Amino acid sequence: MAIALFAILAIIIVTPTVSRFSAQQHELRAVRAELESVQQHTRELEVEKALWNDPDYVRAQARVRLGYVVPGQRLFVGADPNEGTAQEQLEERVATVNRERRANTPWYVTGWDSITIAGNSVDGQLDNPDEAPMYTPPTPQPEGEAPEDAATPAPGIAPAPDTAPAPGTVPAADTDPAPDTAPAPEGE
């Protein structure tokens, strides 16, 4: 019985130590693999750096990547008909960029953008398909200048008291009620 108890106690003590040792060995292997990968990448970058110090390599890359030529040379660029026209390639690139941008944009930014552009039409004006009345704030006039249409008041507004009413109109605010529309006495 004492031997069984001793064996159980030894297992309880050794098991966490062995599992910790195994986990650390696994982590050590992963770190060594990452170190080897980083060292390989460093060697590749050093080789590329040495290439970029060579003037002939720089000229070749400028010719291939940017289309540069030495004065006196001609550059011929061939177009592949299978790739489409330049306009089609541009539209495809724009669509790809927009898809990637939309995929990388957080949902709350997209939602806010939707709220801020709601009601705007393509030309930037407010879209009002039902022709609902909309308030447009008045434009401030410089001091001393009258509005462009100062001679004609807005509909439903009486002219100012210092001006005479337009011919054929009846002043609305300054007239007394007609005798037949006078209020009736209360006793009747």
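**Tyr-57 and its aromatic partner.** Tyr-57 is partly exposed, at 21% relative accessibility (buried is under 20% relative accessible area, exposed over 50%, and partly exposed in between, with a 1.4 Å probe and protein chains only). The model is predicted, so local features need pLDDT of at least 70 and side-chain atom pairs count only at pLDDT 80 or more, whereas totals for chains, interfaces and linings use all residues. Residues are numbered from 1 along each chain as its sequence is written, and side-chain values use heavy atoms, with hydrogens and water left out. Two aromatic pairs are found in the structure.

Trp-107 is exposed, at 71% relative accessibility. Tyr-108 is exposed too, with a relative accessible area of 53%.

**Gln-61 in helix H2.** H2 runs over residues 55–66 and includes Gln-61. Helices (H or I, at least four residues) and strands (E, at least two) are DSSP runs numbered from the N terminus. Gln-61 counts as buried because its relative accessibility is 16%. Apart from neighbours within four places in sequence, Gln-61 is in contact with Trp-52 and Leu-66 (contact means heavy atoms within 4.5 Å). H2 has 12 residues and spans 16 Å from first to last C-alpha, close to the expected 16 Å; the expected span is 1.5 Å times one less than the number of residues. Gly-67 follows H2 and has a positive phi, near 80°.

A salt bridge is a side-chain nitrogen of Lys or Arg within 4 Å of a carboxyl oxygen of Asp or Glu. Arg-59 is partly exposed, with a relative accessible area of 47%. From C-alpha to C-alpha, Val-70 is 8.9 Å from Arg-59, and the two are 11 residues apart in sequence. Val-70 is partly exposed, at 37% relative accessible area.

**The salt bridge of Glu-36 and Arg-43.** The structure has two salt bridges by the stated rule. In this one, the closest N and O atoms of Glu-36 and Arg-43 lie 3.4 Å apart. Glu-36 is partly exposed at 43% relative accessibility, and Arg-43 is partly exposed with a relative accessible area of 39%.

**A nonpolar surface patch around Leu-9.** Leu-9, Ile-13, Val-14 and Val-18 make up the patch and together have about 360 Å² of accessible area. Patch residues have over 30% relative accessible area and no salt bridge; like charges are joined within 9 Å and nonpolar side chains (Val, Leu, Ile, Met, Phe, Trp, Tyr) within 5 Å. Leu-9 belongs to helix H1 (residues 2–52) and is partly exposed, with a relative accessible area of 48%.

**The whole chain, for orientation.** The secondary structure consists of four helices and zero strands, in the sequence order α-α-α-α. Of the 188 residues, 2% count as buried. The chain exposes about 17900 Å², of which carbon and sulfur atoms supply 61%. Accessible areas come from the Shrake-Rupley method with a 1.4 Å probe; for residues, only the protein chains shown count as cover.

Key
Rings of Phe, Tyr and Trp (its six-membered ring) pair if their centres lie within 6.5 Å; planes under 30 degrees apart count as stacked, over 60 as edge-to-face and the rest as tilted.
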